[in-house]
Amino acid sequence: MAAYYKTAETLKPGAQTLAGKYYVSSDIFDQEQGSIFSQSWLCMGRTSEIAQPGEYIVRQVGQESILLVRDQLEEIQALYNVCRHRGSRLCMQDSGKFGASIQCPYHAWTYNLRGELIGAPLMDEVDDFRKQEHHLHSIHTAQWEGFIFINLSDDPEPFEQAFNPLIDKFSAWNLPHLLSLRRIDYQVKANWKLIVQNYSECYHCPLIHPDLVRRTPYRSGQNDLFEGPYLGGFMELYDGVESMTMSSRICALPVGAFTDEQRSRIDYYAIFPTLLLSLHLDYVMFHTLWPLASGETRITCEWLFAPNAADSPDFDPDDAVAFWDMTNHQDWRACEMTQLGVSSRSYSPAPYSSAESLLAAFDEEYLKRLSTALREHL
Ligand code: FES
Ligand SMILES: [Fe+2]
């Protein structure tokens, strides 16, 4: 396993932090909607949230409201939450369960769970009206490791191709079978990129996370993905520390069968653009980022456990949740302090440290995607 991790990762000479405009400009935020959030595969949550036919969740990506529903063939459909008649929102709830159909609350146009128009009052009096020309607009979806992804592009890069470096990488954790037992939503006054960047380094750990650095040596990180859209690797646990929990003990039955070497590490990956995956022996934590404005991001954090986790007499999910909720608050505060600073006219790009090579890689990928899309639109 050790040889699998390459340590050839180096900081490119001259690597510097991004200019302030990337964190504060509403124009750049708008460009990101078109060039990144409308082109990338975005994590919407877990398939288990809509396990039964009719169950739905609604997600907001920029201006777009997206309806994710399990249809009667048990397939997941992603549909624009926009009626094909006069454009009303179809569904104003965040989640729920439809019967066999979705009815617009305005004039009762009715769609089946695949988005096909099946009823439109009085429209048979309109010449040439054909229901099959007015299905809800659909969105490309994919599923991976129990997560639902969507891509708003009409012609996205195939998911398997885009996610090729990750496809089987995390199979030891049995992710499709894990159950989400806890979720916390945070509202953070910081740009989404500051949150990814903060996640991708432990340079800040000694000052920001005094409890974390008692469990994991802050310079123990080794990365096996250090270029492109997927970045991360592992950090080691100190001897005697079993997991990242308040008690430093594992808090549930392991989610998989791990080697001793795997048991002494936590894996952390930033999956471009908005999924952060933290894989522990006894649970998996993930964050999804929901950029709301250049200086504001909603973050959801969920904790996944083995289906039989509660069989352990020591089962205590809150041991993990309390540890990371404390750590999350510490991180969000650091990100908010940074947002304040990079908004200053006095801020200018500065050199990254050797412990921040993933941030330089993230910035490079980000700028590449932003400029590629801008060039294509010229
Ligand atoms: S806007 Fe939906 S039926 Fe009229
Ligand atoms: Fe942190």
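Helix 4 (192-199), strand 12 (222-225), strand 13 (230-236), strand 14 (265-271), strand 15 (275-279), strand 16 (284-293), helix 7 (317-342) and helix 8 (357-377) each give at least two residues to the lining of the largest pocket. Helices (H or I, at least four residues) and strands (E, at least two) are DSSP runs, numbered from the N terminus. The model is predicted: local features need pLDDT of at least 70, side-chain atom pairs count only at pLDDT 80 or more, and totals for chains, interfaces and linings use all residues. Residues are numbered from 1 along each chain as its sequence is written, and side-chain values use heavy atoms, with hydrogens and water left out.

The volume of the largest pocket is about 760 Å³. A pocket is an open set of points on a 1 Å grid over the protein atoms alone, where a 1.4 Å probe fits, with protein on both sides within 12 Å along at least five of seven lines; lining residues have an atom within 4 Å of a point. Grid points are joined across faces, edges and corners, and a volume is the space filled by probe spheres set on the points. The lining comprises 42 residues, and Ser200, Glu201, Cys202, Gly221 and Met235 lie nearest the centre of the pocket. By class, 20 of the lining residues are nonpolar, 18 polar and 4 charged. Here Ala, Val, Leu, Ile, Met, Phe, Trp, Tyr, Cys and Pro count as nonpolar, Asp, Glu, Lys and Arg as charged, and the others, Gly among them, as polar.

Helix 4 is mostly covered, with 8 of its 8 residues buried. Buried means under 20% relative accessible area, exposed over 50%, and partly exposed in between (1.4 Å probe, protein chains only). Trp192 and Lys193 are among the buried residues of helix 4. The N-terminal end of this helix is capped by Asn191, which has a side-chain oxygen 2.9 Å from the backbone nitrogen of Lys193.

Trp192 and Lys193 are also in contact (heavy atoms within 4.5 Å) with Glu32. Glu32 belongs to helix 2 (residues 26-37) and is buried, with a relative accessible area of 1%. Its side chain makes a polar contact with the side chain of Tyr366 at 2.5 Å. A polar contact is a pair of N or O atoms within 3.5 Å; within protein, one must be able to donate a hydrogen and the other to accept it, and residues adjacent in sequence count only if both atoms are side-chain atoms.

Strand 14 is mostly covered too, with 7 of its 7 residues buried. Arg265, Asp267, Tyr269 and Ile271 point one way from the strand, and Ile266, Tyr268 and Ala270 the other way. Strand 14 runs antiparallel to strand 13, joined to it by 7 bridges, and pairs with strand 15 in the antiparallel sense over 5 bridges. Two strands pair if DSSP finds at least two bridges between them. Strand 14 and strand 15 form a hairpin with 3 residues between them. Pro273 lies in that loop, and the peptide bond from Phe272 to Pro273 is cis, with omega near -5°.

Most residues other than glycine have a negative phi, and most peptide bonds are trans. Two residues with positive phi are listed below.

How values were computed
Chains lettered and ligands numbered in written order. Lists of a residue's contacts leave out its neighbours within four places in sequence.
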